[in-house]
There are 2 protein chains.
Amino acid sequence: MTSSKKDSKGKADGIAAYMRERGERARAAARAMARADTGTKNAALFSLANILIEESSAILAANAADLRDGRSAKLDEAMLDRLELNADRIAAMADGVRQVANLPDPVGELHDLKQRPSGIQVGRMRVPLGVIGIIYESRPNVTADAAALCLKSGNAAILRGGSEALRSNLAIGRCIERALTDAGLPRDAVQVLDITDRRTVSEMVAMPEYIDVVIPRGGKGLVAAVSESAKVPVIKHLDGICHVYIDGEADIDKAIAVAVNAKTQRYGTCNTMETLLVDKAIAARVLPELARIYAEAGVELRGCPATRQLISEARPATEEDWRTEYLAPILSIRIVDGIDAAIEHIETYGSHHTDAIVTENYSKVRRFLREVDSSSVMVNASTRFADGYEYGLGAEIGISTDKFHARGPVGLEGLTTMKWIVLGDGHVR
Amino acid sequence: MTSSKKDSKGKADGIAAYMRERGERARAAARAMARADTGTKNAALFSLANILIEESSAILAANAADLRDGRSAKLDEAMLDRLELNADRIAAMADGVRQVANLPDPVGELHDLKQRPSGIQVGRMRVPLGVIGIIYESRPNVTADAAALCLKSGNAAILRGGSEALRSNLAIGRCIERALTDAGLPRDAVQVLDITDRRTVSEMVAMPEYIDVVIPRGGKGLVAAVSESAKVPVIKHLDGICHVYIDGEADIDKAIAVAVNAKTQRYGTCNTMETLLVDKAIAARVLPELARIYAEAGVELRGCPATRQLISEARPATEEDWRTEYLAPILSIRIVDGIDAAIEHIETYGSHHTDAIVTENYSKVRRFLREVDSSSVMVNASTRFADGYEYGLGAEIGISTDKFHARGPVGLEGLTTMKWIVLGDGHVR
């Protein structure tokens, strides 16, 4: 073995040991967290909100150091913007934590307690998942946000943020630690990793004995890399290739309102429409007006041949366009022959994220709701509503594009599971 | 490359192609299954029950061939017994299928449709998971049973049974195919693999694009092997190291009834008690009587030193005993210092399957229910109740010892997930 290989192996072993030690501490803390009552957890959260404000100058100093290094490392402006904290952003973080404190506690809810013929009563109790690993990029606000959701749902958390935000994250982590210990909760209930070596991620997803689920929050590359080698369950969010289908029996005003909002309200979000499908029966009545509005908004249009006959300025859409999440002011448009062709297109090219139909026809609504296999299926509403706050979850830890466990926006409930409860009076089989 | 390596590689490629082709067909069938209405699915199930009876002689002939080969291969008696079919067992299979037909259809249920401040209505619809892979040992009844549950829950299924039961499984598979096509459902909705090479399993768990979840039904070795390399979610059932804790404030009669039933009602089941924990405050009052009853039933006792002072015939229990699922008439007994020590023992040595407390104390009930992190937690009831039928699920596809998605007995609901539904009237953000 060469010496460099030895070094690298030594480092890897060191990181493995570091992560296992963190995992053991998290597992121990998870038991205390599962027992913690709602009042104690809320006290820790309100205290955290206050500490974040009190410690603003320490957090901002740490953040300034991160930003300075980020600029030296020539990070792009978007990344620096996500990395940057200021008084307003810290206040928003504290507000977010207070909002989570004000949400109902899902832990301990007892569901459907029923009497069985044998005499026992059977029901289910909502309980924490245990230890949650969160892997995210250089956005320090995620540290407070994810910690709050894990804490409220009675879980322990290991947070591994991006290296560019390490000092900011650790400063926020110290606030979390203080809030936990002030409330009498174990300080290991939320651990912000102080090593950001890439192998912390590969170790984390390979420790099912310590980690019950990993949630990667970030771009598609990060999510794919985490999922690839995971030995633990992953709540993952991949593509958001969202469609609006304007049916032949749509109300024209609703169709235009929804199609415009779904594309133009924000371009970079996962629930933004990327492809507009239009029934050929109505295309000539909606597309010219939509093209005018999109042109005003500066949206580039790419269309199928039939679309280009109605919108001359549209560029030809390629097969690749139907599969692309633009996250930009670009829209592909396809004219289809009714709801069957629309559903077929969505199932073939979509990413099962969020898809909407605009129609007044009752039977088509029923079919679309049932047959479109996406985490959110909408009728006469903008795809932009696919969001934990809009759905009333209070906050979301992510949006799952998987089917297993949780689909779509994941709130506190997604960080819990149900165990069975049996109440008897000396009953035997 | 040697020629044998080439052959083996060629074979592996062949199996990969075979499994991918099966996966594609299942994925296509899953769409039709998700759309299928309850009446059609029930018609297929009732038809299957009839066809199984009609085709009894063909099934029994196939089974006789499997049994003949099994005897030549010197399979042990227990395995031959599981493999064997007869008229009664086919009738029981058909009854099981009819029972599934009579269960409520979970697909399409709409939950919690709520009005949001934005004006939209948001709710969740229960939908099938998609394609379910079932991997099981040589028990042909699982073929009909698993097919029925997957069909009723609107999923497509790929069934890979043990090689010793191949002919029996294929004969039952032909009945399923007929029932599906008679009802107008795609015949690929349930595919019984006609190759049982081990690589069918490794390919199946590596095709997340075609398989949404894999359920291994069988011994611990099978389950561990399947989970090890899985790239798809697995609903798995590992150990059942179940405890009964007799608290100092237990009712003596209930304690004895529960402790006897949990051990002796059946020895080989996962929900049988393996370790009895007894509060030192009550040990002298319950253990001698229990020892007498266990001795009569032929149960071997292994105890901690304090136990052996009360039960002289008990052998010493080792550290290993606390971690062992005997699945046999053997019981380990430990005297503990109250509920904290009992919970500590369960969390340290248990397998989070099923654990029970016997007590009359209200606060201890609350603590035990909340703090014991097992898929079933019971009060004054025998652990033997941990079962899909006893819980009112109608049938179970397995018992999950995981926390993610489903815990404990998994019925039709565990084969589904929820998607979000948004109803608007032209609403935009």
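**Two strands pair if DSSP finds at least two bridges between them.** With that in hand, welcome to these close-up views of a predicted model.

**Figure 1. Strands β3 and β6 of chain A pair side by side.** Strand β3(A) covers residues 131-136, and its pairing with β6(A) is in the parallel sense, over 5 bridges. Pick out Ile135(A) in this view: across from this residue, in β6(A), stands Pro216(A).

**Figure 2. Four strands of chain A make an open sheet.** Reading across the sheet, the order is β5-β4-β3-β6 (chain A), and the pairing is parallel. Which strands stand at the edges? They are β5 (190-192) and β6 (213-217) of chain A. Each of these two has a single partner strand, so one side of each is left without a neighbour in the sheet. On average, neighbouring strands here are turned by 15° against each other, direction ignored.

**Figure 3. Helices of chain A pack on the sheet strands.** Start with helix α6(A), residues 141-152, which touches β3, β4 (156-160), β5 and β6 of chain A. The direction of α6(A) makes about 165° with that of β3(A). Next, find helix α7(A), residues 166-182, lying across β3 and β5 of chain A. Helix α7(A) runs at about 160° to β5(A).

**Figure 4. Chain A meets chain B.** How many residues of chain A are in contact with chain B? There are 73, and they contact 73 residues of chain B. Between them the two chains bury about 6,200 Å², with 53% of this area on carbon and sulfur atoms. On the chain A side, Phe404(A), Trp420(A) and Arg429(A) lose the most area to chain B, together 16% of what that side buries.

**Figure 5. A salt bridge joins Glu413(A) and Arg124(B).** Look for the closest N and O atoms of this pair, which are 2.9 Å apart. It is one of 12 salt bridges found across the interface of chain A and chain B.

**Figure 6. Two cysteines of chain B are in no disulfide.** A disulfide is a covalent bond between the sulfur atoms of two cysteines. Over all chains, the count of disulfides comes to 0. For Cys150(B), the nearest cysteine sulfur is that of Cys175(B), 17 Å away, whereas a disulfide needs the sulfur atoms within 2.5 Å. Are these residues buried or exposed? Cys150(B) counts as buried because its relative accessibility is 0%. Cys175(B), at 2% relative accessibility, counts as buried too.

Technical notes:
Residues are numbered from 1 along each chain as its sequence is written. Chains are lettered from A and ligands numbered from 1 in the order in which they are written. This is a predicted model: local features need pLDDT of at least 70, side-chain atom pairs count only at pLDDT 80 or more; totals for chains, interfaces and linings use all residues. Side-chain values use heavy atoms; hydrogens and water are left out. Buried means under 20% relative accessible area, exposed over 50%, partly exposed in between (1.4 Å probe, protein chains only). Axes are lines fitted to C-alpha atoms, for helices over the stretch in contact, and angles run from 0 to 180 degrees between N-to-C directions. Contact means heavy atoms within 4.5 Å. Buried area is the accessible area (1.4 Å probe) that two parts lose on being put together, summed over both. A salt bridge is a side-chain nitrogen of Lys or Arg within 4 Å of a carboxyl oxygen of Asp or Glu.
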